[in-house]
Amino acid sequence: MITAFEIGGPSLSLGQLDGAVTIVGGNGGTAGLRVLTNTGELWRPQGRGWANTGISDSFLATRQ
């Protein structure tokens, strides 16, 4: 289960994504989240679930 927590605010369940191994985020709240699975698939939030981006990768990182 993936849950987003707002500091000092409520939490939001983003559903379950089987095989999730890495999660990164950026500006823009939950819309900026990306999850990498153990099969190399990259997913993004869509509604109350997750949508496959069609991108395959071996690692995720953010830049400052």
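Strand β4 (residues 34-37) is joined by 2 bridges to strand β5 (residues 41-46), the two running antiparallel; strands here are DSSP runs of E of at least two residues, numbered from the N terminus, and two strands are taken to pair if DSSP finds at least two bridges between them. The model is a predicted one, in which local features need pLDDT of at least 70 and side-chain atom pairs count only at pLDDT 80 or more, whereas totals for chains, interfaces and linings use all residues. Residues are numbered from 1 along each chain as its sequence is written, and side-chain values use heavy atoms, with hydrogens and water left out.

The hairpin of β5 and β6 has 2 residues between the strands, and Gly47 in the turn has a positive phi of about 60 degrees.

Together, the 4 strands form an open, antiparallel sheet in the order β3-β4-β5-β6. The edge strands, each pairing on one side only, are β3 (20-24) and β6 (49-56). From one strand to the next the twist averages 30 degrees, where axes are lines fitted to C-alpha atoms and angles run from 0 to 180 degrees between N-to-C directions.

The largest nonpolar core comprises 7 residues, namely Ile2, Leu14, Leu17, Leu33, Val35, Trp43 and Trp50; such a core is a set of buried Ala, Val, Leu, Ile, Met, Phe, Trp, Tyr and Cys residues joined through side-chain atoms within 4.5 Å, buried meaning under 20% relative accessible area with a 1.4 Å probe and protein chains only. When neighbours within four places in sequence are left aside, Ile2 is in contact with residues including Leu14, Leu17, Ile23, Val35 and Trp50, contact being defined as heavy atoms within 4.5 Å.

Key. Buried < 20%, exposed > 50% of the residue type's maximum accessible area, 1.4 Å probe, protein only.
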